[in-house]
Amino acid sequence: MGSSTALHLAMAGKKVIIIEKNSPGRHASGVNAGGLRRLNRHPVEIPLAVVAAQMWQDIHSLVGSDCDVKLSGQVRVAENAADLQKLEKRAALVRSLGFEHEQIIDRDRLYQLLPALAPHCVGGLYTAGDGFARPYHALTAFRRKAESMGVEYRTGCRVNGLEQLGDYWRIVTEKAKFDALILVNCAGAWAGKICSYLDESVPLKVGAPMMMVTERLPHFLEPVVGVESRKLSFKQMQNGTVLIGGAHLAEYDIVKETTEIDFVKLSESSRTVLDLFPIMAKVRIVRTWAGLEAFMPDRIPVIGPSAKKSNVYHAFGFSAHGFQLSPVVGRIMSELILDRKSSLPIEPFSIKRFQSAD
């Protein structure tokens, strides 16, 4: 989010400095599942996700790289009639909002898309043109493009305090002090700490979504797969490895900035995989990891100006589904800063929703 915001501002001729306590992509930005998903978005996120999808289709024109994007569709599988009924209600909701990208598919179409799927499933919800990219490749592309436009990255530079001095902000870090007219808080799992410096508390909670990846396999899967009644994100990468997630969380230490894999929860993911894709029975897991992420109580982000301080803007709390939104959020943030308004509806993302009337 920070690199995307910086890039869009730099494209408008503005001088931007990114202050990064570690290195870009060290936490959620570089280690997430890489999903490019409109499917099953929160209703208020759909307008942003639709525009973001258009941007990802032509991401090379923005960042000079294809970011290893693969737009092979996403499917949410119904294992029984009750699941399918829920998905039909979801599709009707999306249509009622004026969007047509989520389509109910029958059993025959489901198995055309997923021939390796276990035989008990009955249908699904499908969005053509969704897919995935490689998060660290994308982060690197955004960073390099931003740097080519004059953006400065100050890494290993933890923020320890903020001071408002007249019409500008002084950012106090471990290494130096920086002065700026505009401050943008894209601090992810640490965004709440930045908010505390602004006397703008938020009910942010930290979580550490776990991922695992397999050895390389012969190609058997095109779309990204989720399941209506279970936790699963399942995709085969371009190199044949299979990336498995599903919102199971690791233990973490926010002070040490470390995570500890919970293998009991990962085994639940493994059982789900085996139930849906028996072809995976003898496949080896070669690596597991988790990244620290900011979660909001309502599972939608904070996007917009501070309600407490002038010339401060927020983009955080994406609750483990922000990667796809990053190009459009950067554009929105630049619009807010340059034009004081957004071209897309962002009122539901206001930080004011967590603040009392007084």
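**Aromatic rings, charges and positive phi angles**

Trp-56 and Phe-323 are both buried (under 20% relative accessible area, with exposed meaning over 50% and partly exposed in between, for a 1.4 Å probe and protein chains only). This is a predicted model, in which local features need pLDDT of at least 70, side-chain atom pairs count only at pLDDT 80 or more, and totals for chains, interfaces and linings use all residues. Residues are numbered from 1 along each chain as its sequence is written, and side-chain values use heavy atoms, leaving out hydrogens and water.

**Aromatic pairs**

- The structure holds four aromatic pairs (rings of Phe, Tyr and Trp, the last by its six-membered ring, with centres within 6.5 Å; planes under 30 degrees apart are stacked, over 60 edge-to-face, the rest tilted).
- The ring centres of Trp-56 and Phe-323 are 5.2 Å apart and their planes stand at 35°, so this pair is tilted.
- Phe-220 and Phe-277 make an edge-to-face pair, with 6.4 Å between centres and 65° between planes.
- Phe-220 and Phe-277 are buried.
- Phe-220, Phe-234 and Phe-277 are linked by ring pairs into a cluster.

**Charges over rings**

- Lys-21 lies over the face of Trp-190, 3.7 Å from the ring centre (NZ of Lys or CZ of Arg within 6 Å of the centre and within 35 degrees of the ring normal).
- The charged end of Arg-143 sits over the ring of Tyr-153, at 4.8 Å from its centre.

- Asn-311, which is not a glycine, has a positive phi near 60°.
- Asn-311 counts as partly exposed because its relative accessibility is 23%.
- Arg-340, also not a glycine, has a positive phi of about 65°.
- Arg-340 has 54% relative accessibility, so it counts as exposed.
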